[in-house]
Amino acid sequence: MGKKRQNEISHIYLRGSDLAQRKREVLKDASEKLSFVPDKITEESNWWGSKEIGAFFCSGIYKNKPAILKIQGVKPTVSEIYMIKSFAKTNKSKLIRPPLLYASLPWNDEKRYEALVLEPVEKIVVQTPTNKEELDVFFKAYEDYHKNCLETPWLEKPKDSIPQRISDNFKIWRKASFKLFPTHPLRKEEDILLIDEAVEALKKGYENVDFEFQHGHFSESDLYEKGNQIILLSNLYWAWRPPLYDAVFGMHWFIYHLAEVDNITPEIVEGQRKLWFEKIESLPRVKAHKKLYKLALLERAAAGLNLDALSIDCNKPIAKYLVDKTREIVIHLIKTKT
């Protein structure tokens, strides 16, 4: 059997999801079929803060031990069950691994969900805000994952090019941005042209650059310590992406997550950003590929200006600063991309 095509989770938002309305019935159905004893819903996965959710998590008991039930309510191209099993099978790392998969139900077209019973995780590697010691652990894991988790890709390499993928992504993300935020107080009229300019710079910069297989969501919210190992979550996101995408992704979302910190100030934000930059820019792959690094930063900053930064709660005093700073970064990176 040939390799499967990768997921594009951010694209699914435009299809819509009614999982939020179906939560109770789906949870009951899955729990009965899996002999899972549910306790409480602990988390929901939405798109950029929207009310539509794609998945939710419930704590509980499975075979007399604590477990987490994940319900995936929007059909992905590739099941997370397959992703976790493939990662576990090809993984050469002694440090980093997927969560243990205790049981699962494959996608059911009639009930419109798939379910995974997973080992629980508790101790997150990177707190918000963070410090040098936590980032040392994060980037030690990142280096190990690059060395030991990527050798045997289990997904088909995309037939298109990075420039084509960039172009397609930003078209879809723009539609999503205006669907979610038809009028946003922090969006400026000139942002559309600025993002277009960034996309053109990215398309030019990525000519003749090849995709690399990687975990497309290697972020501060997805690494957990367990004993002397680190569990990597969000395994739906394994994919082929531009080089160094995974090096900057964690910082990208971490900065926006700082909006949730009480009494956060621009000074604290910039101090945190500096810590991340120091670690990222010490990576041998980043030092060896400065141009690709700048392109990876520009791709994320442009995505931030289009939508990610706009998903911060506007009532937070820091929201305007974070959006304005993202815009500044996009302008700076367009000028210095080479």
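In what sense do strand β5 (residues 101–108) and β6 pair, and over how many bridges? The two strands pair in the antiparallel sense over five bridges, where pairing requires that DSSP finds at least two bridges between two strands. The model is predicted: local features need pLDDT of at least 70, side-chain atom pairs count only at pLDDT 80 or more, and totals for chains, interfaces and linings use all residues. Residues are numbered from 1 along each chain as its sequence is written, and side-chain values use heavy atoms, with hydrogens and water left out.

- Strands (E, at least two residues) and helices (H or I, at least four) are DSSP runs numbered from the N terminus.
- β5 and β6 form a hairpin with four residues between them, and L101 stands opposite L118 in β6.
- In the turn of this hairpin, R112 has a positive phi of about 60 degrees.
- Strand β3 (residues 65–72) also pairs with β6 in the antiparallel sense, over five bridges; L69 stands opposite V117 in β6.
- Six of the six residues of β6 (residues 113–118) are buried, meaning under 20% relative accessible area with a 1.4 Å probe and protein chains only.
- In a regular strand, side chains alternate between the two faces of the sheet.
- Both faces of β6 are covered, with Y113, A115 and V117 buried on one side and E114, L116 and L118 buried on the other.

**The four-stranded open sheet**

- An open sheet of mixed pairing is formed by four strands in the order β4-β10-β9-β7.
- β4 (96–97) and β7 (123–124) stand at the edges, each with a single partner strand, so one side of each is left without a neighbour in the sheet.
- β4 runs parallel to strand β10 (residues 229–232), joined by two bridges, and I96 has I230 as its bridge partner in β10.

**The second largest pocket**

- This pocket holds about 380 Å³ of space, the volume being that filled by probe spheres set on grid points joined across faces, edges and corners.
- A pocket is an open set of points on a 1 Å grid over the protein atoms alone where a 1.4 Å probe fits, with protein on both sides within 12 Å along at least five of seven lines; lining residues have an atom within 4 Å of a point.
- Of its 20 lining residues, M251, R273, F277, L297 and I329 are the closest to the centre.
- α6 (245–257), α7 (266–280), α9 (290–308) and α10 (319–336) each supply at least two lining residues, and α10 gives the most, with seven.
- The lining has eleven nonpolar, three polar and six charged residues.
- Here Ala, Val, Leu, Ile, Met, Phe, Trp, Tyr, Cys and Pro count as nonpolar, Asp, Glu, Lys and Arg as charged, and the others, Gly among them, as polar.

Key. Buried means under 20% relative accessible area, exposed over 50%, partly exposed in between (1.4 Å probe, protein chains only).
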